[in-house]
Each structure stands twice: as C-alpha cells, then as structure tokens.
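Hello,

Here is the structure I said I would pass on. Please open it first, then read the notes below.

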Amino acid sequence: MSAECSSYLNADKVLVSGFSCPRTGGDARAVYCCGFQDVKYCCDDPHSFFPYEHSYMWWLSVGALVGLSIAAVVLFAFIITVCVLCYLFISTKPRSKLDTGLSLQMAGKINC
C-alpha cells in the first residue's frame, strides 16, 4: 500500500515536489500522506496532524490545569473574604437608632 503526496508551496512559498509514501530510506510503516497545505509528510496514522510526538501537549494541559486551579482558589478566597467582611459589617452595626437629642412633639393648635 502506498500514497501519493502532491506538490505544494511551503510556508516560505517554495514549491516542494510531490512524493510517494513510504519514502525511500524512511519508515516502512509510513504509508499515508499526512499534513497540511504547506507541509506534507508520510505517516503511519491517517488521522495524524503533526510529524512529532504529542507529549509536550500533556505538559501544556497540566500547566493549564494548575493555573486554572490556582485562579479558582484565589477567586474562592476572595468570595469568602467578601462574605466575611459583609457579615462583620452588618453584625457590628448598632441595632437601635442613635439619639439625636431632639424629641419629636405634635404640633398643637396655635391660638391667635
């Protein structure tokens, strides 16, 4: 089984001529033509997108998860702090109204 990779223009706009898979001197299992419009290569998995291992992706994923976890903890701590401060503000307010020193009286009839 073999596949044909057609010619293409690479990222530098240089024409790369077509080739057959597997390539001479290459991996005999690489019988599929893989890649994109600007880079093509022979591979053993027709659903492969990159000509290199994906192990670096796991480190990016772990880094993203650690970063998101730290952000979530900081947000949670902020929300807890706001709730505690609101509770303290409400609970320390005086329950009775302050005495202004003036007593209210009903206005009576004025006799002239």
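Searching the whole structure, which is a predicted model, turns up three disulfides.

The link is right-handed, with 125 degrees about the S-S bond. Cys5 is buried, at 2% relative accessible area, while Cys33 is partly exposed at 30%.

Cys21 is joined to Cys42 by another disulfide (S to S 2.0 Å). Cys21 belongs to strand β4 (residues 19-21) and Cys42 to strand β6, so the pair ties together parts 21 residues apart in sequence. The torsion about this S-S bond is about -85 degrees, so the disulfide is left-handed. Beyond its neighbours within four places in sequence, Cys42 has contacts that include Phe19, Arg23 and Tyr32.

Cys34 and Cys43 form a disulfide as well, S to S 1.7 Å. Both count as buried, Cys34 at 4% and Cys43 at 7% relative accessibility.

With the bonded cysteines numbered in sequence order, the pairing reads 1-3, 2-5, 4-6. Cys83 is in no disulfide; its nearest cysteine sulfur belongs to Cys86, 6.7 Å away. Cys86 is in no disulfide either.

Asp27 is partly exposed (38%) and Arg29 is exposed (58%). Arg23 lies over the face of Phe19, 3.7 Å from the ring centre. Aromatic pairs number zero.

Regards

Notes: Residues numbered from 1 in each chain as written. Predicted model: local features only at pLDDT ≥ 70, side-chain atom pairs only at ≥ 80, totals over all residues. Heavy atoms only, no water. Buried < 20%, exposed > 50% of the residue type's maximum accessible area, 1.4 Å probe, protein only. Phe/Tyr/Trp six-rings, centres within 6.5 Å; stacked < 30°, edge-to-face > 60°. Lys NZ or Arg CZ within 6 Å of the ring centre and 35° of its normal. Contact = heavy atoms within 4.5 Å. Disulfide = S-S within 2.5 Å. Helix = DSSP H or I, 4+ residues; strand = E, 2+ residues; numbered from the N terminus.
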